[in-house]
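This briefing goes through one protein model by topic. The sequence and structure come first, and the notes follow.

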Amino acid sequence: MKKIIFIFFSVLLGHTEAFALNIFACEPEWAALAKEIAQDKADIYSATTATQDVHFIQARPSLIAQIRKADLVICSGADLEVGWLPLILRKAGSSKVQEGGDNLIYASYYIDTIEKPVRIDRADGDVHPDGNPHLHLNPYNLLKTAFVIAEKLAGIDPENTAFYHENEKTFRAVFWEHIKRWERKAKALNGASVITNHRNMSYLFDWLKIKTAGTLEPKPGIPATSKHLSELTETVRKNNVRFIAYAPFESPKPAQWLSGQTGVKAIVLPYTVGGNGQTKTLFDLFENSIDLMLQAMEK
Ligand SMILES: [Zn+2]
């Protein structure tokens, strides 16, 4: 019996030792990126899944409990999480992570956001004043954020500084090779016109030189209307739109309606890690998105 108890405690201690740090990621993509850098040195929690729209998350008690124990928080920023993150941070009252503090990474601070509005007017819908916050779909933005994560982890856990930087360097080298290969593979997509539900794929399209001819939403955050959709049938014809894309957490109905009217394929892109059965890693995310878009281009 004593032996069993001893083994039990060794396992327990071994576990706490392996997971020295707690990382709270707002979205699955940041959890996956943090894993590349921290590996077994951190217990990583993702506040949301690929089937949730991160604009609209409830400030649940479980999220407050998770962020309270976090040593590092990683989010997209640019107001993507403005509806819930400040609230759970306030309620958690953590001594380690605060708004504006060192242990809270907003990826948007470190990258050039696109689609910055020229004017801010409520009448334009749910506009993000700091630019488009769905920034993880440009793989170069992941490289920039990976470096920031390594720096922050080294600051929190200086003993393992070399480990974090080594992991970041390895990730950078491997991911870079893939980026170059993806760019060659996606050549046929350059210049293609598409329609999306919301502008949450813009960084992917911007990277691969795909043009957004229109959105199913008449304004950001406003669901499709029949008037707007019927106008889009014209947009599809005029711009030779090649496919209509939407995310796993969005209603398929407007895309399917427009597809039915125009004969242009409607596809669900994974959007983030876990967005479909083939997308288990950040590498899969880009591989699978490109495969799906190339397939949709085939007549
Ligand atoms: Zn958005």
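His 228 is buried, at a relative accessible area of 16%, where buried means under 20%, exposed over 50% and partly exposed in between (1.4 Å probe, protein chains only). The model is predicted: local features need pLDDT of at least 70, side-chain atom pairs count only at pLDDT 80 or more, and totals for chains, interfaces and linings use all residues. Residues are numbered from 1 along each chain as its sequence is written, and side-chain values use heavy atoms, with hydrogens and water left out.

**Surroundings of His 228**

- His 228 sits in helix α8 (residues 226-238); helices (H or I, at least four residues) and strands (E, at least two) are DSSP runs numbered from the N terminus.
- Apart from neighbours within four places in sequence, His 228 is in contact with Thr 215, Leu 216, Glu 217 and Pro 218, contact being heavy atoms within 4.5 Å.
- Between the C-alpha atoms of His 228 and His 128 there are 22 Å, and the two residues are 100 residues apart along the chain.

**Zinc site**

- Three histidines coordinate the zinc ion through NE2, namely His 55, His 134 and His 198, at 2.1 to 2.3 Å.
- Donors are N, O and S atoms within 2.8 Å of the metal (3.2 Å for Na, K and Ca); water is not among the atoms, so sites may look incomplete.
- The sequence spacing of the donor residues is H-x78-H-x63-H.
- His 55, in the loop between β2 (42-46) and α3 (61-68), and His 134, in the loop between β4 (104-106) and α5 (139-156), are 79 residues apart and link distant parts of the chain.
- His 55 and His 134 are both buried.

**Disulfide**

- There is one disulfide in the structure, the term being used for a pair of cysteine sulfur atoms within 2.5 Å.
- Cys 26 is joined to Cys 75, with an S to S distance of 2.0 Å.
- This pair also links distant parts of the chain: Cys 26 lies in the loop between β1 (21-25) and α2 (28-38), and Cys 75 lies in strand β3 (residues 72-75), 49 residues apart.
- The disulfide is right-handed, because the torsion about the S-S bond of Cys 26 and Cys 75 is about 55 degrees.
- Both Cys 26 and Cys 75 are buried.

**Sheet**

- An open sheet is formed by four strands in the order β2-β1-β3-β4, with parallel pairing; two strands pair if DSSP finds at least two bridges between them.
- β2 and β4 are the edge strands with a single partner strand each, so one side of each has no neighbour in the sheet.
- On average, neighbouring strands of this sheet are turned by 20 degrees against each other, direction ignored.
- β1 and β2 run parallel and are joined by five bridges, and Asn 22 stands opposite Asp 43 in β2.

**Helix α2**

- α2 packs on the sheet and touches β1, β2 and β3, its direction making about 170 degrees with that of β2.
- Axes are lines fitted to C-alpha atoms, for helices over the stretch in contact, and angles run from 0 to 180 degrees between N-to-C directions.
- Nine of the 11 residues of α2 are buried, so the helix is largely enclosed by the rest of the structure; among them are Trp 30, Leu 33 and Ile 37.
- The packing partners of the buried residues of α2 are β1, β2, β3, α5, α6 (161-185) and α10 (282-297).
- Gln 39 follows α2 and has a positive phi, near 45 degrees.

**Domains**

- The protein chain is assigned domain 1 (2-180) and domain 2 (186-297), with bounds from an automatic or database domain assignment.
- The C-alpha centres of domain 1 and domain 2 are 26 Å apart, and 34 residues of domain 1 are in contact with 23 residues of domain 2.
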